[in-house]
Amino acid sequence: MVKPEIPTVYDPRAAENKWYDYWMQQGVFNAEVGEQGSPRYCIVIPPPNVTAPLHMGHALDNAIQDFLIRWHRMAGLETLWMPGTDHAGIATQNVVERMLRQEGLTRHDLGREKFVARTWEVKEKHHGIITGQLKRLGCSCDWRRERFTLDEGLSRAVREAFVRLYERGLIYRGRRMISWCPRCSTVLSDVEVEHQDRRGKLWHIRYPFPGGPSTEGIVVATTRPETMLGDTAVAVHPDDDRYRRLHGRRVVLPLMDREIPVIADEHADPDMGSGAVKVTPAHDPDDFAVGERHNLPHEVVIGPDGKMTPSAGRYAGLDRFEARERVLEDLEQLGLLVKVEDHELAIGQCQRCGTIVEPLVSLQWFVKMEPLARLGIEAVNSGSIRFVPERWARVYLDWMENIRDWCISRQLWWGHQIPVWYCRDCDAEIVPREDPTQCPRCGSQNIEQDPDVLDTWFSSGLWPFSTMGWPEETPELEYFYPTSVLVTAYDIITFWVARMIVMGLELMGQKPFHEVFIHGLVRDARGRKMSKSLGNAVDPLELMDEYGTDALRFALLSLITHGQDISYTPDKMVGARNFCNKLWNASRLVLMNLEGAPAAWDQAQLDLADRWILSRRAAVVRQAHQHVAAYNVAQYCGRLYEFIWNEFCDWYLELAKLALYGSDTARKATVQAVLRSILTDILKLLHPITPYLTEEIWQSFRPEDGSLAVQPLPQPADYQAHEAPQAEADFATIMELVQGFRVGRAELGVPTNQMLHEIRRRVPADADRDIVRQCEHYVTSLVRAEQLAHSAESLQGSDCWFGVAAGMEIAIPLAGNIDVAQELARTRKRLAELEQDRDRSARKLANEGFRSKAPADVIAREQAKLTEAEAELAKLQARAEMLGKAQGES
């Protein structure tokens, strides 16, 4: 091998631009349909919303997917990573409406057609940014196959899915209680409503009997007094003796002077409050059910805009919360407000804009979920679909076992318009596969399409198979479906994962994926969700610019624990960048010394260090395969870090220099061959994590072999013969001994560049063989000592630093190695400084004012300083005592 020209410093940006273009030109990411039964691996990307550039959560999610994709591609499987983006109906519409508000416009000023055109412009802009970010991150997607949930093919899939479900009786239109966002002016599904606990009030109101005094009647309690204007009954439990005589009687609805009946219904809880509850069928889900059972009228007093309707009487036109205050004032004046209590509330808010949602009865389109849920539950309970970690299956099952029908219509303009037409002449409901020109029932051309659009999760639920050409029976669908794994965060298990499962089972007759790998969210050091409003959001592009993409990927992947949130701090990036630089420098040293290297080593020339590193390589290859199979991504990163930084760089490479720079040509050739083999596998194993850095090194190392991205992974079976437990045990003895001597050097304050004249060790009396004597050159080289003396006698009591390592007494003589007087003076000076620091911390911690006013983290840091100072003081005091004795002090 000719000595390559390798820069002294790695330039991430230059490598990233160069190698991504190279991979694309070489078609490295392209997946082709193979023969049925041939090994393949497929992931469909969770499509990012075209609302904004990607954030740290996207960086984490896509780094995991690319890790799995690159690994399986190198494992020899036909590997497809399907890319694409989501139109994200309500989220994208909100983005565009905010833009219009800054221009003093609303969507209604533009009209539907121009508004949709404007939204397409925003989509195109963000799509370009998003795909650029994914490519910068190194995502090895097959970009030839990129999809968008509103593209022509997926729109056809959405139409077909809707029609099939409608024909099977699984989609219907009905008047139901729904959650409505007054700000977004649309219905929300249950999972689009976020509940937040708040301190509120519980108001107790008396409903008088007709013709009686206001002091008599039934007391009910409510957290929403403005809705009482729409009450159509008061309910009591049928077995509540307090009210049995009142069944069928009437009370007067305060402020509205309207009589309403007292009904018996089990919805009323005798043990809660007065045992009587107001019933507002038009504005409460439970009351809606009561109203259905008792055929109660619906009085709609709050409109879709969040304002009171004409049915609210003198409160009409008021905002619902303003009306609440007015209602309470009027009730108090009438003496009907009995009492007010503090009360904990779970307030439903729109997930997108934070507006408090309003329960309203509305005519909407729904998917009948119970029969679909049965399929989804069976798929997971039977083990056909596996959640990793398994505990997240319980979240999925809890949702599915208690699921309600899914409202899929949205009062928006951006999205898939509902493929239903209504005939104005005969009231026919037309659900065709192609746009109709006339009513199939009466022939009238007076037909109109439903103006609403589908919930964005409807099209997302089809993603695993619609992206592969469904409803056509395409080769891609036959070969790559079901996909291998879905990678996603836990926060969209109910939004997306559940819907993909039921849609796949119902429409394809097969599960959409074999496994679901759930990871956590990226949070800041204080555990808070990252957001612009908190000022803790981190732009992954900025991190890639500052530290390099590989450092970002390594940092994120190293933090993953199964399904737990991860805490991001800048020091993680610094550590990851240092690791990348360590690999670069080590690889540079190896490659600069491989000139004339043989293809294989001479087995007879292998020494202990060679056998040890080859055995450790066998272990790391085996463990790497085990970690990938178990989705232990962080453990995979940690094991490679340990092998590369500690075992390879800090130990083997240091010893390899003895042969590389020595005069024994046979020994040098063996070490060169070992280094070449180990570096090859390091680059292969690291490539799925740090693709740019490893490709850059590989192309300086083995350019004739093509891209590293398609090289075969090392297999455990390849290295079983290299496993050497005895060599590992022997080298562990050497390592412990060296580490012991290094502790002595540090405690004596010996500069790292200073050569020690002599170090000593006591030979164990029961040693069957003296591996240390055989490898004495290892010890002296790594400790930086001229000689290692072997003694059969105890080393204690002499003028030496003394310790124990690997079960042996070890010592470093003071004479000839350090200036005792100078080191004693330096140690005592440092002791005095540390005692001042310790006393200062102790005084501060003893101060009650400090403890009562300082934040907990400040107190904890001060306590840590004190503990650290006391520990260092103990070491320095022992050193000063030893040096003093060497000086002849008593």
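1. The side chains of Glu358 and Arg224 are joined by a polar contact of 2.3 Å, a polar contact being a pair of N or O atoms within 3.5 Å, where within protein one must be able to donate a hydrogen and the other to accept it, and where residues adjacent in sequence count only if both atoms are side-chain atoms. Glu358 is buried, with a relative accessible area of 1%; buried means under 20% relative accessible area, exposed over 50%, and partly exposed in between, for a 1.4 Å probe and protein chains only.

2. Please keep the source in mind: this is a predicted model, in which local features need pLDDT of at least 70 and side-chain atom pairs count only at pLDDT 80 or more, while totals for chains, interfaces and linings use all residues. Residues are numbered from 1 along each chain as its sequence is written, and side-chain values use heavy atoms, with hydrogens and water left out.

3. Glu358 lies in strand S14, residues 358–367, where strands (E, at least two residues) and helices (H or I, at least four) are DSSP runs numbered from the N terminus. Leaving aside residues up to four places away in sequence, Glu358 touches several residues, including Trp180, His283 and Arg320, contact meaning heavy atoms within 4.5 Å.

4. Helix H18, residues 608–629, has 22 residues, and 17 of these 22 are buried. At its start, a side-chain oxygen of Asp607 reaches to within 3.2 Å of the backbone nitrogen of Ala609, and H18 is followed by Tyr631, whose phi is positive, near 60°.

Technical notes
Expected span 1.5 Å × (residues − 1).
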